[in-house]
Amino acid sequence: MCGIIATLSYNDNISNDLVSALERLEYRGYDSAGIAYLDNDFSLQRIRTVGKVQLLKAAVEKKHIKSHIGIGHTRWATHGKVTELNAHPHTADGVAIVHNGIIENYQELKKRLVNEGYIFESETDTEVIAKLIASHIKSGEKFFEAFKKSINELAGTFAIVAIYEKEPNILLGAKKGSPMAVGLSPDKQSGYIASDAVALSTLADELAYLEEGDIVIVKKGDQFLYEIFDPNGRRIRRKSVPNKVSLNDVSKNGYESFMLKEIFEEATVARKTYTRFNYDLDISKFDNISIIACGTSYYAGAVAKYWIEDIAKIHVDVEIASEFRYRNPVFAKNSLYIFISQSGETIDTLCAMRLVKEAGIKTLALVNVETSSIAREADFVIKTEAGVEIGVASTKAFVAQILSLLMLCCRNIDIETIELSINAVLNGNYDFTGLANKIKHSRSLFYIGRGVSYPIALEGALKIKELSYISAEGYPAGEIKHGPIAIIDENIYTMALAPYDKYFDKTISNTQEILARNGKVLLITTNDAKNFLHGIDQNENVECVFLPANNPLYLPFSLTTFTHLLAYYTAKAKGHDVDKPRNLAKSVTVE
Ligand code: M6R
């Protein structure tokens, strides 16, 4: 959450790099954005705007900035409202900083700094960092020492970058709990620190990722260089890896949004995941499997529970990471622990994994970003092949996750059929706009399903919630009558996932119970169910869509693509920005 970029250069046009990186980083937070830089007289300047990076860009362009050093930030608010005063960078006596994370002891530090005479202008936890560094400089420390001392006093999680007007040729960065990478431009004319590789696509082709507690200094002298120090202050070399994020990855390629582009990649992603899957982990040697994740990744685990128990006959638990990590879990013997994360930076999943590692148990991570913290800390890693996912709503990554999990328990799959069934939804004649216009007025929505369609219903409901802001609940179809049916009336739409599988008749009777209470239903079924609908399709409150008939094992794929497109079009029908839904950010690096 929050995006960070910083640059030091031999050129004086760094504002272009800062703004273009912030545009790419916007998926990490878009409440406000800002930059701070040293002008040609080495005096610290700052521009901040509330709202999307576009507004900051316009403000920056007006200034015709000439500067060789600067920092930038896109904010996802944690402490303090979305205002210009709370926007980063924060400053104090010529020091400017940007921060990602949460400073847990900021109240205590703030009290001390207020006693020293510092006046705070924001409600953020971040501002204490700038004032703390300034206070150490005032006591006689050089910038680097002041920065180090300050970092040692902070509790919580952070990625921080700082500049100081009296030492205009260095950038300082520190990482604890939030990701940070450093790199140089190919012509070695500029150095960068950023919160992820996406920010630095087109800017740096090789990156070194900081480890927990590292501090980095980027320096300009005769030669451009960066040095990394470990938590004990020892200079250390962190491996440099190619920055694989290409311009293509961070462009919409003609689609009107990243989300639509990414949904349209779902079939290709499935094929790529299948082709590149070369892990020979034999899960049959485990008695139990625990899958731990958050959000959509958790639902991928919930899909896998059905498959693994059915095919491999191994007991599977699926757990929400934020619950698992705080409830003193009892670790089962001979158990495989799998952690699923698209970003690889979700703090709850990362901390849950650390807890398992501390218990001396080996961990397997299923991650999409191979340079992420979870990928680097796990004992074993399966890389999902979704490619860069920018849309805040996770779509193609879910497809890569469920296919990888299916391949863990069943190597002999028919990828052709999976691919065809996804493409049939992508290229079929489904009237998504018409359907979206119907459901968008619903006071709230239900998504129901049985068997493996149930976790897909959960995923479908999450997508509706996060993009359309309509309250939507995913429910096991058989559970509706145990309470939720009380909500049903003529103003409530239910999406019933009822492919023609062994659960079909049961789901149809649960759907009838909803219709008997005047509820409206979108019945999402398959072509082979047409002769078995017993007239439900004739009910005036039912809208039917038919997906391709398929082997029940592969049904989750076409159902997923359908629910993703439905959520996309519903949000669009409501006029929402699908790539930047309100209050959210892509990678959740705070608790
Ligand atoms: O990066 P991760 O897969 O760990 O992220 C987990 C969730 O934050 C994520 O899936 C979130 O729920 C998405 N916005 C869902 O579309």
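Predicted model: local features only at pLDDT ≥ 70, side-chain atom pairs only at ≥ 80, totals over all residues.
1. The contact draws 30 residues from domain 2 and 24 residues from domain 3. The domain assignment places domain 2 at 252-413 and domain 3 at 427-579, with domain 1 at 3-242.

2. The size of an interface is often given as the accessible area lost when the parts come together. Between domain 2 and domain 3, the buried area is about 2,200 Å², and carbon and sulfur atoms give 70% of that area. On the domain 2 side, Met259, Tyr299 and Tyr306 supply 25% of the area buried against domain 3, more than any other three residues.

3. Polar links also cross this interface. There are 9 residue pairs in polar contact between domain 2 and domain 3, counting pairs with both residues at pLDDT 80 or more. Helix H6 (258-263), helix H8 (295-312) and helix H12 (396-409) are the elements that each give two or more residues to the side of domain 2 that touches domain 3. Of these, H8 gives the most, with 8 residues. By class, that side of domain 2 has 20 nonpolar, 7 polar and 3 charged residues.

4. Side chains of opposite charge can pair when their charged atoms come close. The count between domain 2 and domain 3 is 1 salt bridge. A salt bridge joins the side chains of Lys572 and Glu256, with an N to O distance of 3.0 Å.

5. The salt-bridge count comes to 34. One of the pairs is Glu121 with Arg48, whose closest N and O atoms are 3.4 Å apart. Glu121 lies in the loop between helix H3 (106-115) and helix H4 (127-138), and Arg48 lies in strand S3 (residues 44-50), so the pair ties together parts that are 73 residues apart in sequence.

6. The ligand is surrounded by 15 residues, of which the closest are Ser297, Ser341, Ser343, Thr346 and Glu466. Ser343 places a polar side-chain atom 2.6 Å from a ligand oxygen atom. For Thr346, an N or O atom in the side chain is 2.4 Å from an oxygen atom of the ligand. Thr296 contributes through its backbone, a polar atom of which is 3.0 Å from an oxygen atom of the ligand.

Conventions:
Residues numbered from 1 in each chain as written. Heavy atoms only, no water. Domains from an automatic or database assignment. Contact = heavy atoms within 4.5 Å. Buried area = accessible area lost by both parts, 1.4 Å probe. Salt bridge = Lys/Arg side-chain N within 4 Å of Asp/Glu carboxyl O. Polar contact = N/O pair within 3.5 Å; in protein donor to acceptor, adjacent residues only side chain to side chain. Helix = DSSP H or I, 4+ residues; strand = E, 2+ residues; numbered from the N terminus. Nonpolar A, V, L, I, M, F, W, Y, C, P; charged D, E, K, R; others polar. Near = heavy atom within 4 Å.
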